Amino acid sequence: MPDEKTTTVAPDHERGRSDSLARTPTACPARTRLYRDGALVAEGFPVEQISDHLCEPGVTVWLDLHDPSIEDLAVLTEEFGLHPLAVEDAVHEQQRPKVDRYRRNLFLSAYSLRYDPAETQMVTGELAAFVTSQALITVRKDDEFDLRALLDRWDGADDLAVHGVGFLVHGLLDVIVDSYFVAVQALDDEVEDLEEALFAENSDDRSVQRRSFDLRKCLVLTRRIVLPMREVVNTFMRRDLPVAPEPLRPYFEDVYDHVLRATDWTESLRDMVVSILDTRITLQGNRLNEIMKKLTSWAAIIAVPTAVTGFYGQNVPYPGFQQTWGIFCSVGLMVGIALTLYITFKRKGWL
């Protein structure tokens with residue numbers, strides 16, 4: 001993806017130059033697209049021209065802003081009728097995934113996910129979006145959201161562009177939810193590796209414990225992001241909203257099904273990680289019991305010679321006292337009892 005700049009870029013009517021940038025009236029980098037009657041007719045045109053295009057019939061506009069300030073969005077507030085509360089949420093970070101309904105637009109807050117195996121952590125890309133009758137305005141608060149995947153998704157389903165904003169919203173939600181599947185699949189692979197490490201002969205308990213807690217943190221964050229998306233997608237499917245017309249409903253239902261599957265997958269992985277932690281504790285207890293049995297067995301074996309030599313070390317007469325056969329008797333007694341204990345403990349699996 002080329003570096004974003006704030007220099008002026010002339011309107012581009014060629015499909016191949018989807019990376020063209022537009023200069024906003026403020027310092028915020030922006031991207032633009034224009035669809036007319038279901039066909040992509042312009043990209044990279046200046047934001048100042050959006051007002052002129054919205055007056056044309058059958059026009060749908062996409063505007064993307066990267067890390068804007070409130071002042072940047074204030075330029076568009078009057079043009080699109082954006083609610084001040086929605087504008088404030090679009091700028092502030094760490095918003096929960098949600099859809100807010102206002103009189104003239106819908107406000108979406110969502111996150112993309114990416115698993116970083118090197119750091120064993122989940123990387124999020126925060127995204128806000130305003131949905132109006134003729135426009136989709138996306139606000140990226142960082143560089144983590146895969147904008148190229150979104151453009152490819154729209155270009156790969158351009159036959160649906162005739163449905164206007166609903167087409168753009170579906171592509172956006174589909175890319176976001178697809179990132180959940182990729183991230184959860186990576187976590188699934190990590191959990192499988194952790195299970196194998198748990199029962200390995202040379203298993204490092206501290207490493208297994210550390211990875212278990214790191215994966216648990218990742219899954220908690222994933223659940224906090226994926227779970228609310230069920231309600232988000234379901235809201236866009238409501239029949240009293242013009243976002244998902246009847247021809248697009250199967251596509252939105254497919255996204256909703258993917259969200260449910262990602263949620264169930266996340267929940268099952270959380271249970272597996274908890275089970276791994278419990279299994280690790282159980283294995284440690286079993287190993288400790290094995291060690292204690294061995295120590296106890298050897299202590300019992302060693303106690304026999306100690307007891308016999310202690311008995312024969314008494315300063316009083318006893319059978320074999322000051323007799324040669326007495327030493328053989330004591331040694332035989334020690335060896336016989338110790339050998340009997342060893343065989344008994346071995347058969348019981350204590351040694």
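Predicted model: local features only at pLDDT ≥ 70, side-chain atom pairs only at ≥ 80, totals over all residues.

**Rings and strands**

I started with phenylalanine 107, which is buried, with a relative accessible area of 0%.

Next I checked phenylalanine 130. It also comes out at 0% relative accessibility, so phenylalanine 130 counts as buried, the cut-off being under 20%.

How many aromatic pairs does a search of the whole structure find? I got four. I wrote down two of them.

Entry one is tyrosine 35 with phenylalanine 167. Their ring centres sit 5.7 Å apart and the planes make 80 degrees, so I logged the pair as edge-to-face; over 60 degrees is what that label takes. I then looked up where the two partners lie: tyrosine 35 is in strand S2 (residues 29–36) and phenylalanine 167 is in helix H5 (residues 165–198). That makes it a link between distant parts of the chain, 132 residues apart. Are these two buried or exposed? Both tyrosine 35 and phenylalanine 167 are buried.

Entry two is phenylalanine 107 with phenylalanine 130. Here the centres are 5.3 Å apart and the planes are at 50 degrees, so this pair is tilted. Phenylalanine 107 belongs to strand S6 and phenylalanine 130 to strand S7, so the pair ties together parts 23 residues apart in sequence.

**Around S6**

I stayed with S6, which spans residues 106–116. Ten of its eleven residues are buried, so I'd call the strand mostly covered.

Which strands does S6 pair with? One is S5 (residues 98–101), running antiparallel to S6 and joined to it by four bridges. In that pairing I found lysine 98 opposite serine 109 of S6. A hairpin of four residues takes the chain from S5 to S6.

Another is S7 (residues 121–131), which pairs with S6 in the antiparallel sense over eleven bridges. There I saw tyrosine 115 standing opposite methionine 122 in S7. The S6 and S7 hairpin has four residues between the strands, and threonine 120 takes a positive phi near 50 degrees in it.

**Back to S2**

Last, I went back to the strand that holds tyrosine 35. S2 runs antiparallel to S3 (residues 39–43), with four bridges joining them. Tyrosine 35 faces leucine 40 of S3 across this pairing. The hairpin of S2 and S3 has two residues between the strands, and I noted a positive phi near 55 degrees at aspartate 37.

Notes. Residues numbered from 1 in each chain as written. Heavy atoms only, no water. Buried < 20%, exposed > 50% of the residue type's maximum accessible area, 1.4 Å probe, protein only. Pairing = 2+ DSSP bridges. Phe/Tyr/Trp six-rings, centres within 6.5 Å; stacked < 30°, edge-to-face > 60°.
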